[in-house]
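Trainee: I'd like to learn how to read a model like this one. Can you walk me through it?

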Amino acid sequence: MSQGTDMNSSALTAAKTQLRSLMKQRLASLSQESIASQSTTIFESLSRFSPYVSAKRVAVYLSMPGGEVQTDPIVKHALSAGKQVFVPYLHKSGLRPGDGPARLMDMVSLKDIDDYNSLKRDKWGIPSVDAATIHERERSVGELDGSRSDDVSLDLILMPGVAFDIDPESNAIRRLGHGKGFYDYFLHRYALAASPGEKTSDGRPAVLLYALALQEQLLPASSEVSIPVAPHDQPIDGLFLGDGQIKESTKNDTN
């Protein structure tokens, strides 16, 4: 499969759909024991990772019961360490058709471990924030009621993904998401809301973007399949793997 930048829009969409289907089959065959073991290894790597240790505000996805790295230990550890933890919240965008997506993802704060444990699971088994409690929480992009003054900057975002690979030429880590575009659009909005002091020299927000992946989600360099990439796909800084490795874009790997 050729790189996404060499494809037209329809071919790119088809390539992504095909790869998601392939990865879904691969991940469905994994045992819960393997997922739990790899998740524990990633948690141990993360807990020693300097940017995580020093981070004051961490955003992390809340995991499905299977098929991906489990984040429950990460959320509880971050809260117990006194970090402010933000988790995804999906809501209607209020945008007119054609002006943007019908639904947006924001990151909203958890109060404490009791608050986290009280979250109800949605139809996918993912703990979800109750819309009735949103007014009690801080948020990272203040678009829920139009107020920008309540924006909170983040130090580290831990993202999910379906598949990943490493560009052999640039050493950039490429991510294939679930296809809804929630993270890409959130990061676009986050960049627009960031002040000049919260951006790096290349104009990107200073927040670090790391993904968590089971070993089976990283496509090997020898694979005939690669991650299709579109211009709006957000680059990530690094990848925590279930074997304990930390892959970093345009940097040397860390073990």
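Mentor: Start with strands: two of them pair if DSSP finds at least two bridges between them. Helices (H or I, at least four residues) and strands (E, at least two) are DSSP runs, numbered from the N terminus. This is a predicted model, where local features need pLDDT of at least 70, side-chain atom pairs count only at pLDDT 80 or more, and totals for chains, interfaces and linings use all residues. Residues are numbered from 1 along each chain as its sequence is written, and side-chain values use heavy atoms, leaving out hydrogens and water.

Trainee: How many bridges join E2 to E3?

Mentor: Seven, and the two strands run antiparallel. Phe-86, for instance, stands opposite Ser-109 in E3. In a regular strand, side chains alternate between the two faces of the sheet.

Trainee: How many residues of E3 are buried?

Mentor: Buried means under 20% relative accessible area, exposed over 50%, partly exposed in between (1.4 Å probe, protein chains only). In E3, six of the seven residues are buried.

Trainee: Why does Gly-244 count as buried?

Mentor: Because its relative accessibility is 18%. Gly-244 sits in the loop between strand E10 (238-241) and strand E11 (246-248). Its C-alpha atom is 18 Å from that of Ser-31, 213 residues away along the chain.
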